[in-house]
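Open the model in your viewer and colour it by confidence.

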Amino acid sequence: MGIFGRRQTAVSEPTPAAGTGASVAEATSRDVALDPALRALTGQWTIDRPHSRIGFSVRHAMVTTVRGAFADYDSALYFDGARPSESRAELVIRVASVDTGVEQRDAHIVGADFFDARRYPEMTFRSTSTVHEGGETFRMTGDLTIRDVTRPVDLQLDYLGSVLDPFGFERAGFDGTTTIDRTEWGLVYNQRLKAGGTMVSEKVRLQFDISAIRSTS
């Protein structure tokens, strides 16, 4: 998150430091010279919650999809337009803010069978690396922590553009997606169906529809 790139224009070719043995190919795989206009976006950003969505979707009863989102979270984003690999992000989500549109289902999700919000009120994402994969696509790797279990995940991030809005806020937007196996974070609750399969899929798709605004402080 916080990774805003438009298109690949030219490849930088820094000279490896003496004795490191690093090749030009290795160096350029980490950072690519982006559109010069993107350098102006370098700096701190935050997610504008009223115009963003941190959500998920999961198959239910093998025949339909349940979608939900989290309304309460904090974000800290940094974008480096010259060296995308220096970009980073942190997201802290209060799991009790989940909303799937059904109160009874939301209560079950925040209960002990799933998030157990009383014991584990937050889940977090902290980036560990960022790679520009070309064009408008980036890959951000980070540590996702749920119920005190931390595992790495890869997010695909697609840049949508930047604009100065009518209120004077500089905005940049992107979509991010990844799919996880919830059981790897201890979310193992399920029920078997008589016809075969399970009530809730183990695979969960995480979705980040982000409008980020530049921090003024």
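Over which residues does pLDDT stay under 50? Select residues 1-29 of this predicted model: pLDDT stays under 50 there. The model still has 70 contacts beyond four places in sequence for that stretch. Where pLDDT is low, the predicted coordinates should not be read in detail.

Now take in the whole protein. The average pLDDT is 84, and 82% of the residues score at least 70. Select strand β1, residues 8-10: confidence is lowest here, at a mean of 31. Then jump to strand β8, residues 98-99, where confidence is highest, at 98.

**Next stop: Val 153**

Select strand β11, residues 149-164, and pick out Val 153 within that strand. Is Val 153 buried or exposed? Val 153 is buried, because its relative accessible area is 7%, and buried means under 20%. Show what surrounds the side chain. Beyond its neighbours within four places in sequence, Val 153 is in contact with Phe 125, Met 140, Thr 141, Gly 142, Leu 144, Ile 180 and Trp 185. Now draw a distance to Thr 128, 25 residues away along the chain. The C-alpha atoms of Val 153 and Thr 128 are separated by 9.9 Å.

**Last stop: the largest pocket**

Select Phe 56, Val 58, Ile 109, Phe 114 and Val 200, which lie nearest the centre of the largest pocket. They belong to a lining of 21 residues. By class, the lining has 16 nonpolar, 3 polar and 2 charged residues. The volume of this pocket is about 480 Å³.

Conventions: Residues are numbered from 1 along each chain as its sequence is written. This is a predicted model: local features need pLDDT of at least 70, side-chain atom pairs count only at pLDDT 80 or more; totals for chains, interfaces and linings use all residues. Side-chain values use heavy atoms; hydrogens and water are left out. pLDDT is the predictor's confidence in each residue, from 0 to 100. Helices (H or I, at least four residues) and strands (E, at least two) are DSSP runs, numbered from the N terminus. Contact means heavy atoms within 4.5 Å. Buried means under 20% relative accessible area, exposed over 50%, partly exposed in between (1.4 Å probe, protein chains only). On a 1 Å grid over the protein atoms alone, a cavity is a set of points where a 1.4 Å probe fits but cannot get out, and a pocket is an open set with protein on both sides within 12 Å along at least five of seven lines; lining residues have an atom within 4 Å of a point. Grid points are joined across faces, edges and corners, and a volume is the space filled by probe spheres set on the points. Ala, Val, Leu, Ile, Met, Phe, Trp, Tyr, Cys and Pro count as nonpolar, Asp, Glu, Lys and Arg as charged, and the others, Gly among them, as polar.
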